[in-house]
Number of protein chains: 2
Amino acid sequence: MTEKLSDTARKTMLEPLFATGWEMVEGRDALKKSFNFKHFNAAFGWMTRVAMFAEKWDHHPEWFNVYNRVDVVLTTHDVGGLSTLDAKLARKMDGLAGLTGNS
Amino acid sequence: MTEKLSDTARKTMLEPLFATGWEMVEGRDALKKSFNFKHFNAAFGWMTRVAMFAEKWDHHPEWFNVYNRVDVVLTTHDVGGLSTLDAKLARKMDGLAGLTGNS
């Protein structure tokens, strides 16, 4: 079962994400990041790839898109805060955006 | 060239949209509506169909998705307000969501 990140897990899983531009949302136990692409085609193409992983893992983002920009917020509603699923999806999003090569 | 809606066009084009649940955004010359689907698959499937029309017409929405919900805002940045493109995309969104049968 998915559980809220422990203090130890939090350090090891979140630090690498902060290094790629993820930040904590003020007032929520959630991660946020803005992704910028060349144009809408690239932004929505990326969202489509992410969507398939989100569906496969049954873990979905909150995201806002306008043209080439996608603002993402990740949290695990079931546990009321961050879980390993958020770190996993965040890494996948970076990877699919070509930032870390793990797509 | 795309132009801001005239008062006459505004009445004829927007009234039918208000009837299907579109509303004016407070403080902006923009339309908004929340679409609710059965689940993420249906929501993102709808977004994908909309995205292809948006790209074809070179007119893109501002939209926020979380799981089965999509909150849409439409406006035409180039003219600083609503144009016929917004009414066209709003009608298409309704149609693709199965509300008016014009998909």
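Predicted model: local features only at pLDDT ≥ 70, side-chain atom pairs only at ≥ 80, totals over all residues.
An open sheet of 8 strands, with antiparallel pairing, runs in the order β1(A)-β2(A)-β4(A)-β3(A)-β3(B)-β4(B)-β2(B)-β1(B). Its edge strands are β1 (23–24) of chain A and β1 (23–24) of chain B, each of which pairs on one side only. The area buried between chain B and chain A comes to about 1,500 Å², with carbon and sulfur atoms giving 71% of it.

**The sheet where the chains meet**

- Strand β3 (residues 62–66) of chain A and β3(B) run antiparallel and are joined by 5 bridges, and in the order of the sheet these two strands stand next to each other.
- Strand β3(A) is largely enclosed by the rest of the structure, because 4 of its 5 residues are buried.
- Strand β3 (residues 62–66) of chain B is likewise mostly covered, with 4 of its 5 residues buried.

- In chain A, β3(A) is joined by 5 bridges to strand β4 (residues 69–74), the two running antiparallel, and Glu62(A) stands opposite Val73(A) in β4(A).
- In chain B, β3(B) and β4(B) pair in the antiparallel sense over 5 bridges, with Val66(B) standing opposite Arg69(B) in β4(B).
- These two strands of chain B also form a hairpin with 2 residues between them, and Tyr67(B), which lies in the turn, has a positive phi of about 50°.

**The interface between chain B and chain A**

- The contact takes 16 residues from chain A and 16 residues from chain B.
- On the side of chain B, Phe40(B), Phe44(B) and Trp63(B) lose the most area to chain A, together accounting for 35% of what that side buries.
- Between the two chains there are 0 salt bridges, and 2 residue pairs are in polar contact, both at pLDDT 80 or more.
- Both α2 (40–56) and β3 of chain B supply at least two residues each to the side of chain B that touches chain A, and α2(B) gives the most, with 7 residues.

**The nonpolar core**

- The largest nonpolar core has 54 residues, and those with the most contacts inside it are Trp46, Trp63 and Met93 of chain A together with Trp46, Trp63 and Met93 of chain B.
- In soluble globular proteins, nonpolar side chains tend to be buried together.
- Leaving out residues up to four places away in sequence, Met93(A) touches Trp22(A), Phe35(A), Trp46(A), Val50(A), Pro61(A), Trp63(A), Val72(A) and Leu74(A).

**Two loop residues**

- His60(A) is found in the loop between α2 (40–56) and β3 of chain A, and it counts as buried because its relative accessibility is 10%, where the cut-off for that class is under 20%.
- The side chain of His60(A) makes a polar contact with the side chain of Glu55(A) at 2.8 Å.
- Apart from neighbours within four places in sequence, His60(A) is in contact with Ala54(A) and Glu55(A) in chain A, and with Phe40(B) and Tyr67(B) in chain B.
- Val79(B) has its place in the loop between β4 (69–74) and α3 (84–96) of chain B.
- Val79(B) touches Thr2(B), Glu3(B) and Lys4(B), when residues up to four places away in sequence are not counted.
- Val79(B) and Leu5(B) are 74 residues apart in sequence, and their C-alpha atoms are 9.4 Å apart in space.

Note on methods:
Residues numbered from 1 in each chain as written. Chains lettered and ligands numbered in written order. Heavy atoms only, no water. Contact = heavy atoms within 4.5 Å. Core = buried A, V, L, I, M, F, W, Y, C linked by side-chain atoms within 4.5 Å. Buried < 20%, exposed > 50% of the residue type's maximum accessible area, 1.4 Å probe, protein only. Pairing = 2+ DSSP bridges. Polar contact = N/O pair within 3.5 Å; in protein donor to acceptor, adjacent residues only side chain to side chain. Buried area = accessible area lost by both parts, 1.4 Å probe. Salt bridge = Lys/Arg side-chain N within 4 Å of Asp/Glu carboxyl O.
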